[in-house]
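Here are my notes on this model, as numbered points. Please read them with the structure open.

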Amino acid sequence: MTESFSASRWTKGNRIFPTRIEVGPDRVTRIQPKWIGSTEESIAIPNVASVEIAPGLLFSDIRIDSTGGSNPIASHGHTKGDARRIRELIEQYQRTAGKS
């Protein structure tokens, strides 16, 4: 089951097309909608090296690094609760993947 988290429209760069992060058992994906289409980046759950949350006054920035050293997934404007939930889901899916 995939959960989706949208950035707040009150934050810079998210007013018209808010960034969305989707976390599922197989991968974490950042989706940036555009006027035509969207840009998507994803990292497989077993390849996630770390999840960094930088809480601000109202919203948090989140950065997800991969073990391969490729470009991290970064997004800003998420609620603190959503940022923590994203990290929890990734850790939960990593534990589940490690058992099989």
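1. Start at the bridge of Glu3. Its partner in E2 is Val23. Strands here are DSSP runs (E, at least two residues), numbered from the N terminus. E1 and E2 pair in the antiparallel sense, over four bridges. Two strands count as paired if DSSP finds at least two bridges between them.

2. A word on the basis. This is a predicted model: local features need pLDDT of at least 70, side-chain atom pairs count only at pLDDT 80 or more, and totals for chains, interfaces and linings use all residues. Residues are numbered from 1 along each chain as its sequence is written, and side-chain values use heavy atoms, with hydrogens and water left out.

3. Now the sheet. Four strands form an open sheet in the order E1-E2-E3-E4, with antiparallel pairing. E1 and E4 are the edge strands; each pairs on one side only.

4. The structure holds one aromatic pair. The ring centres of Phe17 and Trp35 are 5.0 Å apart and the planes stand at 90 degrees, so the pair is edge-to-face. (Rings of Phe, Tyr and Trp, the last by its six-membered ring, pair if their centres lie within 6.5 Å; planes under 30 degrees apart are stacked, over 60 edge-to-face, the rest tilted.)

5. Where do Phe17 and Trp35 lie? Phe17 is in the loop between strand E1 (3-6) and strand E2 (20-23), and Trp35 in the loop between strand E3 (27-33) and strand E4 (38-44), so the pair ties together parts 18 residues apart in sequence.

6. Phe17 is partly exposed, at 24% relative accessible area. Trp35 is exposed, at 71%. Buried means under 20%, exposed over 50%, partly exposed in between (1.4 Å probe, protein chains only).
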